[in-house]
Amino acid sequence: MARGLFISFEGGDGAGKSTQVQLLAQWLEARGYPVVVTREPGGTPLGKRVRQMLLHGGEVSPRAEALLYAADRAQHIDALVRPALEDGAVVITDRYIDSSLAYQGGARELEGIREISEWAVQGLWPDVTILLDLPETVGLDRAGNEQEADRIESEGASFHADVRKRFLQLAAAEPERISVLDGSQSIEDIARAVRDLIFPHLPVKAS
């Protein structure tokens with residue numbers, strides 16, 4: 001069975017993930033690769049409803065938050081990601097398990113996040129993860145200029161500092177999977193660095 005390439009983009013709020021996801025997708029499509037772009041939460045019809053509850057639905061307890069993210073992820077993998085990978089597509093997701101480890105496991109200080117997430121996805125991890133690192137104050141300023149803050153973005157500065165710290169710890173622990181890029185660089189420079197990181201992992205296209 002064909003196996004595509006699974007790429008995740010991670011980083012704090014306002015780090016520029018969505019922009020780089022779209023630029024990478026366009027670059028790959030121009031070269032003939034089948035590409036599926038998605039995000040967490042919200043990559044499926046069920047996920048869209050979960051996203052609304054999590055980000056705009058009022059107060060959610062930390063444990064309920066963690067379980068809702070895991071439920072979204074289970075549906076996301078079963079309904080969209082795994083079938084696309086089996087068809088040989090390059091799947092690019094804006095956030096994945098590392099976000100739960102950083103936000104709920106790090107800033108919320110909840111235990112068991114890795115185990116819950118791995119159970120939800122039956123052990124599926126990205127082939128490549130790109131972490132866009134940016135001081136949390138800069139990222140929050142960017143996010144605030146683009147749209148009204150959601151429930152997570154509205155958390156205090158110390159919360160987002162803990163998120164960044166945990167992301168960097170995860171990258172240090174898994175350098176073979178997670179590559180850290182300076183999110184303060186220009187969009188063009190980051191996009192170029194992303195392409196350089198992804199290129200060696202691209203599946204060979206049939207002639």
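**Notes on pockets and helix packing**

1. Let's start with helix H1: H1 gives the most to the lining of the largest pocket, namely six residues. Helices (H or I, at least four residues) and strands (E, at least two) are DSSP runs, numbered from the N terminus. You're looking at a predicted model, so local features need pLDDT of at least 70 and side-chain atom pairs count only at pLDDT 80 or more, while totals for chains, interfaces and linings use all residues. Residues are numbered from 1 along each chain as its sequence is written, and side-chain values use heavy atoms, leaving out hydrogens and water.

2. How much space lies in the largest pocket? About 850 Å³. Of the 40 residues lining this pocket, Gly14, Lys17, Ser18, Asp94 and Arg95 are the closest to its centre. On a 1 Å grid over the protein atoms alone, a pocket is an open set of points with protein on both sides within 12 Å along at least five of seven lines; a cavity is a set where a 1.4 Å probe fits but cannot get out, and lining residues have an atom within 4 Å of a point. Points are joined across faces, edges and corners, and a volume is the space filled by probe spheres set on them.

3. Sorted by class, the lining of the largest pocket has twelve nonpolar, 15 polar and 13 charged residues. (Ala, Val, Leu, Ile, Met, Phe, Trp, Tyr, Cys and Pro count as nonpolar, Asp, Glu, Lys and Arg as charged, and the others, Gly among them, as polar.)

4. The largest cavity holds about 130 Å³ of space. Its lining is made of 17 residues, and Gly12, Asp13, Leu134, Glu136 and Arg164 lie nearest the centre. Strand S4 (128-133), H6 and helix H7 (157-173) are the elements that give two or more residues to this lining. H7 gives the most, with four residues.

5. Axes are lines fitted to C-alpha atoms, for helices over the stretch in contact, and angles run from 0 to 180 degrees between N-to-C directions. Under 35 degrees counts as roughly parallel, over 145 as roughly antiparallel, 65 to 115 as roughly perpendicular and the rest as oblique. H3 brings Ala66, Leu67, Ala70, Arg73, Ala74, Ile77 and Arg82 to the contact, and H5 brings Ile113, Ile116, Ser117, Ala120 and Val121 (contact means heavy atoms within 4.5 Å). That contact has nine nonpolar, one polar and two charged residues.

6. Next, have a look at H2 and H3. Their axes are 9 Å apart and they pack at an angle of about 165 degrees, so H2 is roughly antiparallel to H3. From H2, Leu46, Gly47, Val50, Met53, Leu54 and Leu55 meet Glu65, Leu68, Tyr69, Asp72 and Gln75 from H3. Here the classes are seven nonpolar, two polar and two charged.

7. H1 turns up again, this time beside H8. The axes of H1 and H8 come within 10 Å, crossing at roughly 55 degrees, and the two helices are therefore oblique to each other. Thr19, Gln20, Leu23, Leu24 and Trp27 of H1 meet Ile187, Ile190, Ala191, Val194, Arg195 and Ile198 of H8. In this contact, eight residues are nonpolar, two are polar and one is charged.

8. Finally, check two spots in the backbone. Is the peptide bond from glutamate 40 to proline 41 cis or trans? It is cis, with omega near -15 degrees, and proline 41 sits in the loop between S2 and H2. The other spot is glutamate 109, in the loop between H4 and H5. Glutamate 109 is not a glycine, yet it has a positive phi of about 60 degrees.
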